[in-house]
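Hi everyone, thanks for coming. Let me put the structure up on the screen, and then I'll walk you through the ligand sites and the interface.

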Amino acid sequence: MKKRVYMDYSATAPMREKVLEEMMDFMKTEYGNPSSLHSFGRESKNAVDTARDRIAKTLNAKSREIYFTGGGSESDNWAIKGYAFANRNKGNHIITTKIEHHAVLYAVEYLEKEHGFTATYLDVDEDGLIDLEELKNAITDETILITVMFANNEIGTIQPIKEIGAIARERKVAFHTDGVQIYGNGKVDVEELNIDMLSLSAHKIHGPKGIGALYIRPGIRLHNLIHGGAQERKKRAGTENVPGIVGFGKAAELAHENLEERIQEKTRLRDKLIDGILETIPHTLLNGHRTKRLPNNTNISFRYIEGESLLLSLDMVGIAASSGSACTSGSLDPSHVLLSLGLTHEVAHGSLRLTIGVYNTEEEVDYVLEQLPPIVERLRQMSPLYEE
Amino acid sequence: MKKRVYMDYSATAPMREKVLEEMMDFMKTEYGNPSSLHSFGRESKNAVDTARDRIAKTLNAKSREIYFTGGGSESDNWAIKGYAFANRNKGNHIITTKIEHHAVLYAVEYLEKEHGFTATYLDVDEDGLIDLEELKNAITDETILITVMFANNEIGTIQPIKEIGAIARERKVAFHTDGVQIYGNGKVDVEELNIDMLSLSAHKIHGPKGIGALYIRPGIRLHNLIHGGAQERKKRAGTENVPGIVGFGKAAELAHENLEERIQEKTRLRDKLIDGILETIPHTLLNGHRTKRLPNNTNISFRYIEGESLLLSLDMVGIAASSGSACTSGSLDPSHVLLSLGLTHEVAHGSLRLTIGVYNTEEEVDYVLEQLPPIVERLRQMSPLYEE
Amino acid sequence: MYTETVMEHFTNPRNVGEIKDADGVGQVGNPKCGDIMKMYFKIDDQEVITDVKFKTFGCGSAIASSSIATELIKGKTVKEALNISNKKVVEELGGLPSAKIHCSVLAEQAIKSGIYDYASKNNKHYEELEGFDPEAAQEDHH
Amino acid sequence: MYTETVMEHFTNPRNVGEIKDADGVGQVGNPKCGDIMKMYFKIDDQEVITDVKFKTFGCGSAIASSSIATELIKGKTVKEALNISNKKVVEELGGLPSAKIHCSVLAEQAIKSGIYDYASKNNKHYEELEGFDPEAAQEDHH
Ligand SMILES: Cc1ncc(COP(=O)(O)O)c(C=O)c1O
Ligand SMILES: Cc1ncc(COP(=O)(O)O)c(C=O)c1O
Ligand code: FES
Ligand code: FES
């Protein structure tokens, strides 16, 4: 069989066996709507409570502050639109950054375009970091919400969340952060960091797809995004996805066993990848901050070549990765994140993201380091931009 | 082991084995984000396409008109809020009914309360049917959307959807219908019925929880409810819940094999239940239309007793059902649907819903008919309202 | 959702029924939330509750609350009975879900209401009943 | 996503390279969508394309389109080459995803642009090139 190396864990991570095992019971026998009174339903309810406890524990939050959603995108949309709509009497200004995930960016743009809000999109420096002074200066009397992602999904840069939280708190502005990528890749303490709302997604931490959560600090008022039944303490309607919730809870628990050790191991492999590529392949450039970055993220631009060709070539030798190139995102424009770092369109096109997960081995890293140079060389030979 | 009879299929239906089987592949090995370029992702994409085809086929729709969501509630919210926000330049009036599911009712109320829309809530007669003349009279120049549920989840009454669709079409108003309960319990042809938007939920047809769909007729413009990535043709962001989608597709296919025969068999058991209860227990009353009703729905009011006690007592003999009573819905008020039929609070409280699924047998129906009378009698003996 | 004690009292409720020649009868509640509780008292010359019965139209915890409340006060003096709070009822039941606390309040009110009836018929005065309005308790106990 | 033919041409592209003493060179595309295609032509006195080479900075279908387009025109006359449309390229590739059709347009444009260059150097006129603007093709082919 062809060798297959999956290094696209930031896109989605396969479910762990133990996660699937716990879910199986709820897919097979323990059916029942947790809002139902009978015993079928009650068993489901207990399972939901356990999952909520498990997730709360990882965040230093209370169980009742965790609301399950249909995924990270829904959490982002709910936090931003829900907060904006519920607090428009206080002001109409939102602060975010130019490198947010589209779930945040487009939610904010939607509020601007269709609902009379205004927004400031903070610049980032060449490493992808925002400037805290710029943030402070952007806050006006009208500002009701700051939404800055914890760690970037493309370039891995981790923002100074604690400082942002402190500024938001001092200026009495609510603070939402998209924690989808940091979760399971770093410690998140909502108290220490002054986070008011935090978006999570299960499938990024080896949990099931289609399930996420929003942490909401008590006192933070949101409109519902999904109205209806009384689920999730009347804040998010819809029959609970019990197997999904159970799987998310288990995945969260597993991801936080030996979190520190795992981060160290991922960091070691990541650094080997980064250094290996930068040293053996000329005309390359690391995107994102060298150290303030996700332990699993490698993002490198290869000049003179284009991302999709690179991905296809890697795919042919069994390596699954992603790029900031046009062709994978359904749009033809290069990644807004890479452009925000100051890369030219052309260089942004030639970037590759390798994201490591718990299942990756050192041999796999070696395999990538061995396969990549000839592929890059071959594509460069075909490129009209490349002159040796 | 204690006998367990599940007759709460309208709340949620256990997954069928074949559904789980098809999902398993995608939970175990075929991981990959369908938007990714590499082969892991491509396999997921094909599976999503197949599911979409399967569902489209059951509705006489085109695959590209089916959009996956996180469930029936999301579909309702998206259809209603998305349509209202995108078409407010045409008018600000919405027509619905008093017996909608809360996902519709609260979405409409939210638009009224927070976003400047107005709404008409149509009355229903004692069988739960709307009056078509009243509907016609309610349409004004400002009316942009009619949302009337196909079949009611509590009392099973089926509305004259074809006639409503024709009126909407003639008056150039968009028509959304909540098809969550009819799907798999009756034929739905979006062309024949002039349906512009149709909400579906997988777990009601023995598919997985946390996945639903919205059919959207080409030309119908909605704002996104969940902005972000380019999934679902840019209309509904979020990493696709591939196993959920696959399971939904399979469940839809299975539910439509021998649909007619199944409906007949369910109808037979339903009628046996209804007749059996009405004949053996005095002071009882069928809620909903006797024939224009879901083939699996029995809803009966037992005077002088209260729903939760009834459910608890049934649960103790292994029968899972639900009620229109306060205590199961997270609110203390009796069901808005039953009150709309003209029942008093007290009678509305004493109602029981038994909903049949493919797994129910004639023996189970007999068991319920045998257990119910002494339970009702015992509770009545305890009731201060009951005088023999 | 419910403790074993609640379920036990729901399944085998003590003191269900009526007392034809009761010395006091109380009825409280509001059909709006689905609950009406009626309590019948036999009270002797020493103001001891010698018998008590109830009928309840209500949820599982309303029935269990009635059952345990009647048990708690049977054989007690009127004074002692008046000091039984809904808290005590909840405690004895091993707890109730928060949305169900009001069902235990109903039991406390039913006791007060029955004794109020007895007191008015017998021209007695209990300071524990000061401020208690049996009309209000019957209309709406929320 | 891609047909086998596309993948085959992507993996083993024909005619990659440059021609130093080319009779015509065309360059089209726009780095904005990630694609630049450069084509080199050798054309003999009978206006037959005796050799053609390409270099492409672009996605998989851009590379496959370049490869198959150069194959299609090698040995053909200039006139014949000018009649190769992007549709033909797509056909020969066994289809392209709809978002990728523009990559095949690029190949058609590259041929036209290279022949335009040859035509201007040799003072030739082809009616198939009427309206063709090599500047526009280089700026933006969308
Ligand atoms: C008629 C109707 N609409 C909508 C819903 C909501 O579906 P879901 O629970 O999948 O969000 C339900 C079921 O709860 C329903 O019965
Ligand atoms: C930073 C970030 N936010 C949000 C999301 C959206 O999560 P989901 O795909 O679960 O909706 C993702 C992943 O796609 C992400 O990386
Ligand atoms: S009696 Fe009101 S809900 Fe229990
Ligand atoms: S060359 Fe533009 S995407 Fe293919």
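Before we start on the sites, one term: I'll call a residue near a ligand if one of its heavy atoms lies within 4 Å of it. And please keep in mind that this is a predicted model.

Let's begin with ligand 2. With that cut-off, 15 residues are around ligand 2, and those that come nearest are A:Ser73, A:Asp178, A:Ser201, A:Lys204 and B:Thr239. Look at the chain letters there: the residues surrounding ligand 2 come from chains A and B, so this site is shared between chains. Helix H3 of chain A gives the largest share of the shell, three residues. Sorted by class, the shell has ten polar, three charged and two nonpolar residues.

Now zoom in on the oxygen atoms of ligand 2. A polar side-chain atom of A:Ser201 sits 2.6 Å from one such oxygen, and the side chain of A:Gln181 places an N or O atom 2.7 Å from an oxygen of the ligand. A:His203 also takes part, with a polar side-chain atom 3.2 Å from a ligand oxygen. As for cover, ligand 2 on its own exposes 390 Å², and the protein buries 94% of that.

Over to ligand 1, please. Where does ligand 1 lie? You'll find ligand 1 between chains A and B. It has 15 residues around it, and the closest are B:Ser73, B:Asp178, B:Ser201, B:Lys204 and A:Thr239. Here helix H3 of chain B, residues 72-86, provides the largest share of the shell, with three residues.

For the contacts, B:Asp178 has a side-chain N or O atom 2.6 Å from a nitrogen of ligand 1. The side chain of B:Ser73 comes to 2.7 Å from a ligand oxygen, while B:Gly72 uses a backbone N or O atom, 3.0 Å from an oxygen of ligand 1.

Last stop, the interface itself. In chain A, 64 residues are in contact with 66 residues of chain B. Together the two chains bury about 5,300 Å², with 60% of it on carbon and sulfur atoms. How many salt bridges are there between chain A and chain B? The count is zero. Helix H4 of chain A gives the most, seven residues.

Thanks, everyone, and I'm happy to take questions.

Note on methods. Residues numbered from 1 in each chain as written. Chains lettered and ligands numbered in written order. Predicted model: local features only at pLDDT ≥ 70, side-chain atom pairs only at ≥ 80, totals over all residues. Heavy atoms only, no water. Polar contact = N/O pair within 3.5 Å; in protein donor to acceptor, adjacent residues only side chain to side chain. Helix = DSSP H or I, 4+ residues; strand = E, 2+ residues; numbered from the N terminus. Contact = heavy atoms within 4.5 Å. Buried area = accessible area lost by both parts, 1.4 Å probe. Salt bridge = Lys/Arg side-chain N within 4 Å of Asp/Glu carboxyl O. Areas by Shrake-Rupley, 256 points an atom, 1.4 Å probe, with all protein chains shown as cover. Nonpolar A, V, L, I, M, F, W, Y, C, P; charged D, E, K, R; others polar.
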